[in-house]
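Work through the exercises below with the model open beside you. Try each task before reading its solution.

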Amino acid sequence: MSIKINTAALLLGSAFLLSACSGDGTASDQDETNQTVDENQTDTSTVNNEKTSSEDNSGEDRNADGGNEENDGDKSGATDNDTSSENEDIQQQDYDSSEEAAAQIKGYEKVDQTNIDLGHGIKGLQEGAAGHEYLYWNEGRWLIKVDFPTDPQYKIDGYEGAEDLAKKVVDYLEKNYLPAPDDKGVITIDGFKKHPETVVKWQEGKTVYTVTSKEKEPFDALERTVESE
């Protein structure tokens, strides 16, 4: 009787032992499975992060390239603006005919009556009215007009009067040659220091050229006209 009870107890104990071992193995397998899942999730997250980072960097590179293209466009625009400014020295206007172009040269006249010698065989007409001293003369197809104040406080510095300025212009044009207009050209010189101005205008064929200077000296405009020859 005692042997049967012991045998039964041994069998029961063996059953419990086998059950315990089987449970531990299952738990271990589950732990390994969970660890593998976690590692896979980590690897997937790492790959996704690297991909996102790569895409972000690619986007930054594209933005950088786009910025360079925009800057290149600005430089091209800056180049076009510089070319336009270079052409501002001499204005050019074309007309349908040479007769129409010549008609744009206003104020031209032939100075037949003269009363002053300006040197180099050039003679002019000097007259005054209402605080102005006017002096006119011709050189070739050009008419040159000087408007100078009679009151010294209003005149540009460096000249005693219209005659003094006119003689210096004649001296300059003796050594520096203006372009020859097809029909006529006019130079007007304002010697008032509050609004000095020199305007040179002449016609060649169907084209009228104009040079304007606000400098006190007329020689800035004259030099640009001479260099256009």
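**Exercise 1. Classify the rings of an aromatic pair.**
Start with Y136: is Y136 buried or exposed?

*Solution.* Y136 has a relative accessible area of 14%, so Y136 is buried. The cut-offs: buried is under 20% relative accessible area, exposed is over 50%, and partly exposed lies in between, with a 1.4 Å probe and protein chains only. Two notes on the source apply throughout. This is a predicted model, in which local features need pLDDT of at least 70 and side-chain atom pairs count only at pLDDT 80 or more, while totals for chains, interfaces and linings use all residues. Residues are numbered from 1 along each chain as its sequence is written, and side-chain values use heavy atoms, leaving out hydrogens and water.

Next, take Y134. Its relative accessible area is 24%, so Y134 is partly exposed.

Now find the pairs. Rings of Phe, Tyr and Trp (its six-membered ring) pair if their centres lie within 6.5 Å; planes under 30 degrees apart are stacked, over 60 edge-to-face, and the rest tilted. The whole structure holds four aromatic pairs. Y134 and Y136 form one of them, with 6.4 Å between centres and 20 degrees between planes: stacked.

**Exercise 2. Characterise the pair W142 and W202.**
What is the geometry of this pair, and which parts does the pair tie together?

*Solution.* The ring centres are 5.9 Å apart and the planes stand at 50 degrees, so the pair is tilted. W142 is in strand β5 (residues 142-149) and W202 in strand β7, so parts 60 residues apart in sequence are tied together. Strands (E, at least two residues) and helices (H or I, at least four) are DSSP runs, numbered from the N terminus. Check burial: W142 has a relative accessible area of 3% and is buried. W202, at 2%, is buried too.

**Exercise 3. Describe the largest nonpolar core.**
How many residues does the largest nonpolar core have, and which have the most contacts inside it?

*Solution.* A nonpolar core is a set of buried Ala, Val, Leu, Ile, Met, Phe, Trp, Tyr and Cys residues joined through side-chain atoms within 4.5 Å. The largest has 28 residues; L118, L135, W137, V146, I187 and V200 have the most contacts inside it. β2, β4, β5, α3, β6, β7, β8 and α4 each supply at least two residues of this core. Helix α3 gives the most, with seven.

Zoom in on V146. Leaving out residues up to four places away in sequence, V146 touches E133, Y134, L135, W137, A162, L165 and I189. Contact means heavy atoms within 4.5 Å.

Then turn to helix α4 (residues 219-227), where A221, L222, R224, T225 and V226 are buried. The buried residues of α4 pack against α3, β6 (185-190), β7 (197-204) and β8 (207-213).

**Exercise 4. Find positive phi angles.**
Where do H120 and A130 sit?

*Solution.* H120 is in the loop between β2 (116-119) and β3 (122-129). Its phi is positive, about 60 degrees, although H120 is not a glycine. At 45% relative accessibility, H120 is partly exposed. A130 is in the loop between β3 and β4 (132-139). A130, also not a glycine, has a positive phi of about 50 degrees. At 80% relative accessibility, A130 is exposed.
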